[in-house]
Amino acid sequence: MDAHSNRHEGPRPPLWHYGETEHDPIATKTLGFWLYMLSDALIFAGLFAAYGVLDQTMNTADGPVASQVVHPIAAFWQTLAVLSSVLAYSLATVAIRTNNRGGVMLGICVAIFFGVVFIGLEFADFVDLFAIGATPDRSGFLSAFFILVATHGLHMMFGILWMLVLLPQIVRFGLNTAVVTRLLNLRLFWQFQASVWVCVYIFVYLRGTIQ
Amino acid sequence: MLVHLQGAWSPLFGRLTLSSIPYSNPIIIFAFAFTAIAGVAVVAPVLYYRKVGYIFREWLCSVDHKKIGVMYIILGLVMMFRGFVDGMMIRTQQVTADGPNSPGFLEAQHGYLPPSHFDQIYSSHGTLMILFAVTPILTGLGNVIVPLQIGARDMAFPRMNAISLWLTVMGAMLVMASLFIGDFSDAGWVGLTPLTELPYSPSVGVDYWMWAIQISSIGTTLNAINIITTIVGMRAPGMRWDRLPIFTWTTLSTNIIGLTAFPILGVALALLGADRYLGTHFYTAGMGGNLMLYTDLFWIWGHPEVYFLVLPAFGILSEVIPTFSEKPLFGYITMVAATFAIAGISWSVWLHHFFTMGAGPWVNTFFSVATMLVGIPTGVKVFNWLFTMYRGRITYTTPMLWSVGALLLLLVGGLTGVMLANPAIDYTVHNSVFVIAHFHCMVLLIAFTIFAGIIYWFPKVFGFKLDEHNGKRFFWTFCLGTTTVFTAMFALGFEGETRRLDYLYDPQWMPMLVIEEFGIALYCLSVYYFFKMIYVSLRDREKNRCGADPWGTARTLEWLTHSPVPFYNFAVTPQVNELDELAWRRDNGWADMAPETFEPIHMPKNSMVPIIIGIFAFGFGFGMVWRIWWMAGFSLFAIIALVIISSFTPDPGYTITAEEMRKLEARTDPMGIVADSHAPLPMAEERIV
């Protein structure tokens with residue numbers, strides 16, 4: 001290899017960079033958060049795959065089948081709750097633009113309310129199922145059903161906890177870069193959980209009814 | 001909901017009783033004594049030289065990507081040593097337990113290890129080598145080198161980087177704890193169901209295995225997020241995608257695999273955990289469980305994991321071979337394309353790990369063809385390296401020797417791999433040690449490149465070269481050991497020896513087993529030369545001090561800054577103009593040009609939070625293993641509380657002024673990562689704790 005083929009023609013280009021490098025902290029954190037959500041999406045992918053495998057007659061071990069444990073009308077109210085929560089949260093992030101702290105906090109409080117409604121409905125559903133003897137340790141099918149739905153429920157609880165943490169931060173720090181980054185990433189998280197719930201609703205509840 | 005267990009359980013100590021400690025087993029007593037002596041040998045000098053504060057402040061609380069990388073590599077090397085001892089014990093057991101007349105020692109009928117103990121040893125050998133030796137070392141190399149190669153000041157999320165490290169360390173600590181408290185899994189490192197279910201594995205061994213992997217793989221996932229974000233978002237000006245060094249490309253692709261594969265492992269193990277703790281029926285033999293679900297989920301992670309390991313190894317080869325051939329890498333674009341082709345195909349080959357487990361002929365055919373396809377991009381890479389060496393000015397330094405050795409192993413391992421990709425052949429040799437020899441060739445190729453990488457980049461991090469004389473002895477003994485052990489093992493596979501045998505029934509295997517044991521002796525010699533290499537290098541470090549580019553022919557950006565790398569990496573962010581920036585600057589006579597004016601730079605502060613999170617993660621894992629619910633619950637609560645509290649105390653970092661930078665750059669004494677604090681590192685204001 002000819003060492004001189006690498007020779008630069010003309011004046012020496014700059015070797016060092018002065019001034020700000022354009023690393024936007026919000027963009028960097030948001031990319032990182034998208035990547036985290038990709039891993040979360042894969043967790044749900046694995047759980048949906050497990051549900052698909054275990055949603056067979058032989059996996060019910062003579063216990064309840066899907067149409068006996070899913071209640072699509074009741075779950076429809078859960079769907080409405082989760083979508084209302086996302087709407088409220090999205091309105092809260094709209095208020096960031098006008099630096100309206102009160103608007104942001106009001107939106108988050110409404111989002112928390114609907115989130116808690118969702119969790120409450122799910123809890124009531126689980127209590128009913130336990131009452132008729134449909135427990136996770138009854139059969140492979142019910143294991144998959146409960147773990148899938150409960151994993152989503154845990155994510156919802158985590159989102160609510162996150163909102164509860166952000167409320168005092170908004171009061172204390174105002175809408176600074178760190179808080180806004182968290183608010184925007186939480187919006188991503190919250191909308192993602194709603195999308196997962198839509199998949200759960202279609203794949204578990206609606207499909208379970210028609211089987 | 002909670003599974004009712006047989007045996008004692010108390011609210012305070014869970015399943016833990018005094019009889020859980022295997023103090024009557026002489027092998028474990030010896031292991032404990034050895035570990036204790038090694039621990040004292042590490043801790044005593046720290047105490048003697050009064051370096052406790054230094055170690056704590058500057059290392060354990062560090063958020064510096066280089067220090068974290070070095071700690072990853074140290075963890076990996078220690079675990080590799082333990083995994084090697086396990087391997088040595090396996091080989092010794094087999095050579096002493098061949099044939100009905102073979103003697104029995106200790107409590108064993110044949111050999112010196114009773115079956116359950118032997119099973120634990122091969123399970124921990126696999127778990128340690130793959131997840132706690134090779135994975136941390138490659139993660140560590142990526143941590144050290146990638147930010148330097150792309151001209152970044154640090155990782156995108158320095159504190160999360162430290163959390164990843166401590167989670168990995170605590171996973172390894174759980175495996176170590178299993179040696180002395182309770183037992184380890186005896187169900188193989190893959191943990192096939194339903195063997196790992198409670199009725200068949202009622203002890204805590206499987207729980208140790210499960211939680212150790214679970215905790216460390218969370219660390220790996222976080223690290224993958226960090227590295228991808230760093231490469232995408234933190235590149236120096238001018239570091240376009242077509243100028244990215246190959247090692248950075250392979251680290252990027254490997255972490256994309258890591259990010260997408262490790263969550264599946266998390267699911268597979270979490271469902272197993274649900275079976276063992278909540279009594280669900282995902283993988284049970286009855287009640288509607290499906291044990292193939294586990295096999296599929298595990299290998300959907302397991303196969304990408306193989307490429308997760310091998311791709312950075314290919315990256316190291318792509319850095320070392322051009323440097324010591326004094327030529328640019330042949331076929332940069334095809335190398336990148338081949339890397340991503342391998343990463344992509346890695347997702348559609350998992351079933352070849354269980355061709356014989358009842359999939360139909362069409363399914364087997366699909367996965368067979370997909371597996372053979374991997375050979376094409378890998379072949380492209382091999383030819384690229386060969387063409388790089390062709391008519392190059394090759395110097396056989398130690399890293400180059402390891403690289404050439406790795407190419408040889410890649411050939412043997414790859415060709416036997418293509419053989420095994422054929423289901424007809426696989427039906428004949430499956431579960432035999434032929435398969436074991438094949439994948440050991442592949443994993444040892446990774447180990448070879450690891451040693452190439454460590455020796456190659458060591459002077460960059462520490463400012464002096466490792467001793468070449470002992471390094472070459474280390475290479476030759478290790479290389480001969482590898483060929484001796486695994487050539488014999490291929491032969492034994494054809495002679496019909498199946499894997500994981502604590503007793504071998506055929507005395508005719510004896511000659512080959514003795515050859516294998518001889519190879520193990522060569523390995524032991526190589527361990528001696530490794531330590532001698534480290535010792536001699538440390539002793540003669542003043543003689544072997546080196547400048548920015550110790551090899552003289554390096555090509556990429558990391559060699560532009562000082563050796564050892566100062567804590568701020570580059571005094572001024574470099575402007576990248578070409579692929580192989582350093583080679584370009586050298587050819588134009590600009591390699592030694594240093595920046596003349598400086599700017600203030602901003603650095604993150606050290607933090608205690610990551611290691612405390614790590615300690616609580618250990619507490620959580622240990623509590624779950626022994627079902628000490630208060631400990632697990634409190635640890636989990638503490639982790640969440642710590643994360644919330646630290647989100648209320650933002651890290652303002654600290655700024656080094658231009659004047660301080662000028663002084664730091666004017667220093668002549670080495671000021672690398674082993675030096676004491678150069679500037680006031682204000683970590684004291686941690687308000688937590």
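Trainee: In which loop of chain B is B:Asn569 found?
Mentor: This is a predicted model. B:Asn569 belongs to chain B, and its place is the loop between α15 and α16.

Trainee: Is B:Asn569 buried or exposed?
Mentor: A residue needs 20 or more other C-beta atoms within 10 Å to count as buried. B:Asn569 has 23 C-beta neighbours inside 10 Å, so B:Asn569 is buried.

Trainee: What is the phi of B:Asn569?
Mentor: Most residues other than glycine have a negative phi. B:Asn569 is not a glycine, yet its phi is positive, at about 65°.

Trainee: Which peptide bond ending at B:Pro564 is found in that loop, and is it cis or trans?
Mentor: B:Pro564 also lies in the loop between α15 (510-539) and α16 of chain B. The bond runs from B:Ser563 to B:Pro564, with omega near -5°, and is cis.

Trainee: Where is B:Pro194 found, and what is the omega of the bond from B:Thr193?
Mentor: B:Pro194 is in the loop between α5 and α6 of chain B. The bond from B:Thr193 to B:Pro194 is cis, and its omega is near -5°.

Trainee: Is B:Arg500 buried, exposed or partly exposed?
Mentor: B:Arg500 sits in the loop between α14 (468-494) and α15 of chain B, and has a positive phi of about 60° although it is not a glycine. B:Arg500 has 13 other C-beta atoms within 10 Å, so it is partly exposed.

Trainee: How far apart are the end C-alpha atoms of helix α5 of chain B?
Mentor: Helix α5 of chain B covers residues 158-180, which is 23 residues. At 1.5 Å a residue the helix should span 33 Å, and the model agrees, because the end C-alpha atoms are 34 Å apart.

Trainee: How many residues of α5(B) are buried, and which residue follows the helix?
Mentor: The helix is mostly covered, with 18 of its 23 residues buried. After α5(B) comes a residue with a positive phi, near 85°, namely B:Gly182.

Trainee: How many helices and strands are there in chain B, and what is its radius of gyration?
Mentor: Chain B has 19 helices and two strands. The globule rule gives 26 Å for 689 residues, and chain B is close to that, so it is as compact as a globular protein of that length; its radius of gyration is 25 Å.

Trainee: What is the radius of gyration of chain A?
Mentor: Chain A has six helices and zero strands. Its C-alpha trace spans about 80 × 60 × 25 Å along the principal axes. A compact globule of 211 residues would have a radius of gyration near 17 Å, but the value for chain A is 24 Å.

Trainee: Which helix gives the most to the side of chain B that touches chain A?
Mentor: The two chains meet through 49 residues of chain B and 44 residues of chain A. Helices α6 (205-233), α7 (246-278), α8 (291-325), α16 (581-587) and α18 (629-648) of chain B each supply at least two residues of this side. The residues of this side divide into 30 nonpolar, 16 polar and three charged. With nine residues, the helix that gives the most is α7(B).

Trainee: Which residues are in contact with B:Val134, leaving aside its neighbours within four places in sequence?
Mentor: A contact requires C-beta atoms within 7 Å. For B:Val134 the partners are B:Gly76, B:Met129, B:Leu309, B:Val443, B:Ile446, B:Ala447 and B:Ile450.

Conventions. Residues numbered from 1 in each chain as written. Chains lettered and ligands numbered in written order. Predicted model: local features only at pLDDT ≥ 70, side-chain atom pairs only at ≥ 80, totals over all residues. Helix = DSSP H or I, 4+ residues; strand = E, 2+ residues; numbered from the N terminus. Expected span 1.5 Å × (residues − 1). Buried ≥ 20, exposed ≤ 12 C-beta atoms within 10 Å, placed from the backbone. Nonpolar A, V, L, I, M, F, W, Y, C, P; charged D, E, K, R; others polar. Rg over C-alpha atoms; globule rule 2.2 N^0.38 Å.
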